[in-house]
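Here is a short report on a single protein chain.

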Amino acid sequence: MGKIMDQRRNGCLIFSLLVLVVAVKGENLVFNVKHKYGGGNKGSILNDLKAHDSRRHSRMLTSVDFKLGGNGSPTDAALYYTKLSIGTPSKEYHVQVDTGSDILWVNCAGCEGCPTKSDLGIDLTPYDLKASTTAKSVSCDEEFCMLNTPYSDCKVGMPCDYQVSYGDGSSTSGFFVKDDIRFDQVSGDLKTTSMNGSIAFGCSSRQELSNPSQAVDGILGFGQASSSVISQLAAAGKVKKIFAHCLDGKNGGGIFTIGPVVQPKVNSTPLVPDSPHYNVVMKGIEVGGEVLDIPTTIFDTRSSMTIIDSGTTLAYLPSMVYSALIYKLMERQPQLNIRLVEGSFRCFDYTGKIDDGFPVVTFRFADSLSLTVYPHDYLFQVTESRWCIGWQDSGGMQAKDGVAITLLGDLVLSNKLVLYDVENQTIGWTEYDCSSTIQLKYESSGSAYTVASHNVSSASTVDSGKAFTFFLLIISILYNLLK
């Protein structure tokens, strides 16, 4: 479920500050050029210039840089998070990055059952509506509420409530508020300036969690619905609905940005039309270069769905696909003694080199896009010699209409630059060093600015036993996709 910033240079003269005075003399044109803010007191001129720039920048489509922390290891944090500065005066909140949900929510002051500490080494901060001078409650008769959580018995002034339930019985509920959130606007190579956005988000007043030890302050939903943060920023004319993440599976943290990516280049596949999530069309799976022996109709979009979701740690496959994949993986290691851990994890002892002993798995998608998952991605180490398989059976997660689900989370998305182009309804990726930099296009000028990776994770070490137990709770979040 992770963000910070520099100050931009002031006083840049731009052509729009010039007023052209035209005098006609016969057939010749004489342009008497005067500066719009010429003359007068210099201090007043500079203030006028800064105010003009501020108004101009507010009309520009911009790019945003979020600072990431956490990692995708089931025996560590098992999630990626960013930090948001909310309210006036602002306070920082750690929220999980989740492309599989559609709202931002944070724990609120006075919340019943909300966590007060975290083993992730971060300080949890309850949001206090009354402590922010820019905050206000969202009522059920407001457009935001009517579009996202319509009431049948709404009366003017009633709060706009929300509730989210998870597969293990955990839940969060509360009401929507609106407040200023400060974003890091990309303003140059490795530079950002502050940009405010007035965003509606959930204020959690009640939670039921089975194990809150690795808690964060909330969840940052980056789905396609109008309630998501990126949709609200786009509706306000501040950004395009294009974002990217590069989850560093080696070092933790990574890159998370809003805006068109110009480097690296990314091949893409279409999103399935009219889908609530980032659904794609799967064409097949290869294991060690051989096509997996499964019916070709198993990924038909009428009977199955394939979802890309950064809020899920592992990867979930329909029962028939899962069984065939596990069988193929174990063909090379028939002597391994497989043990079932926690009822769903297949684990074994192995002392050799993982990438030499197990095959590469490749997913094929529409428009010839492929996604390669290496053994060091889908196998995770519990002890020095004990490994567990990250692939999971999604058989118990069928949607209400019986559609089978393939859910591809951080296990397959790590160490790849993943680009979500909601404007053009495509998604794509490329293998990438997520500890390096990318380039974003700045819409107003067409310039490309460099954005670096971040890791705002605490230096403290997470207890792997506690992390693995809490990880089972994080898995349950994916069930919300089916509610």
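## Strand β17

In this predicted model, strand β17 spans residues 282-287. Five of its six residues are buried, so the strand is largely enclosed by the rest of the structure. The cut-off for buried is under 20% relative accessible area.

Strand β17 has an antiparallel partner in strand β23, residues 361-365. Five bridges join β17 and β23. In this pairing, G284 stands opposite R364. Strand β18, residues 290-291, also runs antiparallel to β17, and here two bridges make the join. V287 faces E290 across that pair. β17 and β18 form a hairpin with two residues between the strands. There, G288 takes a positive phi near 60°.

## Strand β28

Strand β28 covers residues 404-408. Five of its five residues are buried, so β28 too is largely enclosed by the rest of the structure. A404, T406 and L408 point one way from the strand. I405 and L407 point the other way. Both sets are buried.

Strand β19, residues 304-308, pairs with β28 in the parallel sense. Five bridges hold this pairing. Strand β20, residues 315-317, is joined to β28 by two bridges and runs antiparallel to it.

## Nonpolar cores

In soluble globular proteins, nonpolar side chains tend to be buried together. Here the largest nonpolar core has 86 residues. Y127, F183, F363, W391 and V412 have the most contacts inside this core. Helix α4, residues 319-330, gives the most to the core, with seven residues.

What does W391 touch, beyond residues up to four places away in sequence? Its contacts are A315, L317, Y322, L325, L329, V361, F363, V373, Y378, L411 and V412. Two of these, F363 and V412, are themselves listed with W391 among the core residues with the most contacts. Y322, L325 and L329 fall within the residue range of helix α4.

## Salt bridges

How many salt bridges does a search of the whole structure find? The count is 12. One of them joins E92 and K83, with the closest N and O atoms 3.5 Å apart. E92 is partly exposed, at 36% relative accessibility. K83 is buried, at 14%.

D300 and R302 form another salt bridge, with a closest N to O distance of 2.9 Å. D300 counts as partly exposed, at 24% relative accessibility. R302 is exposed, with a relative accessible area of 71%.

D349 and R339 make a further salt bridge, their closest N and O atoms being 3.4 Å apart. This pair links distant parts of the chain, 10 residues apart. D349 lies in strand β22, residues 345-349. R339 lies in strand β21, residues 339-341. D349 is partly exposed, at 35% relative accessibility, and R339 is partly exposed, at 33%. Elsewhere, salt bridges that share partners join D65, K67 and D184 into one network.

## A buried asparagine

N107 sits in strand β6, residues 104-112. Is N107 buried or exposed? Its relative accessible area is 4%, so N107 is buried.

Which residues are in contact with N107, leaving aside neighbours within four places in sequence? They are C114, P115, T125, P126, Y127, S204, Q207, V216 and D217. Y127 is also one of the residues with the most contacts inside the largest nonpolar core.

## The chain as a whole

The protein chain has eight helices and 32 strands. Buried residues make up 53% of its 483 residues. The accessible surface comes to about 21600 Å². Carbon and sulfur atoms account for 50% of that surface.

Key:
Residues are numbered from 1 along each chain as its sequence is written. This is a predicted model: local features need pLDDT of at least 70, side-chain atom pairs count only at pLDDT 80 or more; totals for chains, interfaces and linings use all residues. Side-chain values use heavy atoms; hydrogens and water are left out. A nonpolar core is a set of buried Ala, Val, Leu, Ile, Met, Phe, Trp, Tyr and Cys residues joined through side-chain atoms within 4.5 Å. Buried means under 20% relative accessible area, exposed over 50%, partly exposed in between (1.4 Å probe, protein chains only). Helices (H or I, at least four residues) and strands (E, at least two) are DSSP runs, numbered from the N terminus. Contact means heavy atoms within 4.5 Å. A salt bridge is a side-chain nitrogen of Lys or Arg within 4 Å of a carboxyl oxygen of Asp or Glu. Two strands pair if DSSP finds at least two bridges between them. Accessible areas come from the Shrake-Rupley method with a 1.4 Å probe; for residues, only the protein chains shown count as cover.
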